[in-house]
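Welcome! Take a look at the sequence and the model, then read on.

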Amino acid sequence: MVNSNAQQKPKKQRNERILIKVLVPGNVAGSIIGKGGEAIKQIKKTTNSVIRVSSRDEIFPFTDERIVLIISPAEKIMESISFVHSKIRNAKSEQIDRPVNQYARCAQCKREI
């Protein structure tokens with residue numbers, strides 16, 4: 001006789017949470033946090049996630065990258081990751097699209113570049 005419990009698929013754990021650490025460029029970490037912390041509060045509330053951004057003096061060794069810790073329910077992990085990714089992508093595109101001042105002066109040598 002075969003045990004009927006052995007044939008059943010295991011139930012998905014309700015409180016299964018996934019932990020991910022992501023390195024982000026130090027100059028875009030503020031975009032993830034948002035003005036007054038509003039951006040990060042919004043995604044935390046929406047996804048029931050814990051998202052922490054390391055402080056400016058806590059960078060990954062030998063880089064200028066900060067650590068973003070994401071702890072999220074399994075069913076919301078992709079939404080949390082997408083949020084962080086979109087903030088990085090948008091911040092980077094704003095930096096690239098920013099017009100360059102062709103009459104900028106070299107701060108060290110006080111001459112036009």
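Two residues count as being in contact when they have heavy atoms within 4.5 Å. By that definition, residues 24 or more positions apart account for 62% of the contacts in the chain with a separation of 6 or more. Please keep in mind that this is a predicted model.

**The overall picture**

- The chain contains 4 helices and 5 strands, and along the sequence they follow the pattern α-β-α-α-β-β-α-β-β.
- Of the 113 residues in the chain, 25% are buried.

**How the strands pair**

- Strand E1 (residues 17–25) runs antiparallel to strand E3 (residues 65–73), and 9 bridges join the two.
- To find this pairing in the model, look for Ile18, which stands opposite Ser72 in E3.
- E3 also pairs with strand E2 (residues 50–53), again in the antiparallel sense, over 4 bridges.
- Here a handy landmark is Val53, which stands opposite Val68 in E3.

**The two faces of E2**

- In a regular strand, side chains alternate between the two faces of the sheet.
- E2 has a covered face with Ile51 and Val53, while Val50 and Arg52 are on its uncovered face.

**The largest nonpolar core**

- This core has 16 residues, and the members that touch the most others are Val24, Ile32, Ile51, Val68, Phe83 and Val84.
- Two or more residues come from each of helix H2 (29–33), helix H3 (38–47), E2, E3 and H4.
- H4 gives the most to this core, with 5 residues.
- Which residues does Ile32 contact, leaving aside its neighbours within four places in sequence? They are Val24, Ala39, Ile40, Val53, Val68, Phe83, Val84, Lys87 and Ile88.

**Helix H3, inside and out**

- The buried residues of H3 are Ala39, Ile40, Ile43 and Thr47.
- Seen down the helix axis, these buried residues fall within an arc of 95°, so they line one face of H3.
- Gln42 and Lys45, on the other side of H3, are exposed.
- Just after H3 comes Asn48, which takes a positive phi of about 55°.

**A closer look at Lys87**

- Lys87 lies in helix H4 (residues 77–97).
- Is Lys87 buried, exposed or partly exposed? Lys87 is partly exposed: buried means under 20% relative accessible area and exposed means over 50%, and the value for Lys87 is 26%.
- Beyond its neighbours within four places in sequence, Lys87 is in contact with Ser31, Ile32 and Ala39.
- Lys87 and Gly34 are 53 residues apart along the chain, and their C-alpha atoms are separated by 9.3 Å.

Notes. Residues are numbered from 1 along each chain as its sequence is written. This is a predicted model: local features need pLDDT of at least 70, side-chain atom pairs count only at pLDDT 80 or more; totals for chains, interfaces and linings use all residues. Side-chain values use heavy atoms; hydrogens and water are left out. Two strands pair if DSSP finds at least two bridges between them. Buried means under 20% relative accessible area, exposed over 50%, partly exposed in between (1.4 Å probe, protein chains only). A nonpolar core is a set of buried Ala, Val, Leu, Ile, Met, Phe, Trp, Tyr and Cys residues joined through side-chain atoms within 4.5 Å. The arc is that of the directions from the helix axis to the C-beta atoms.
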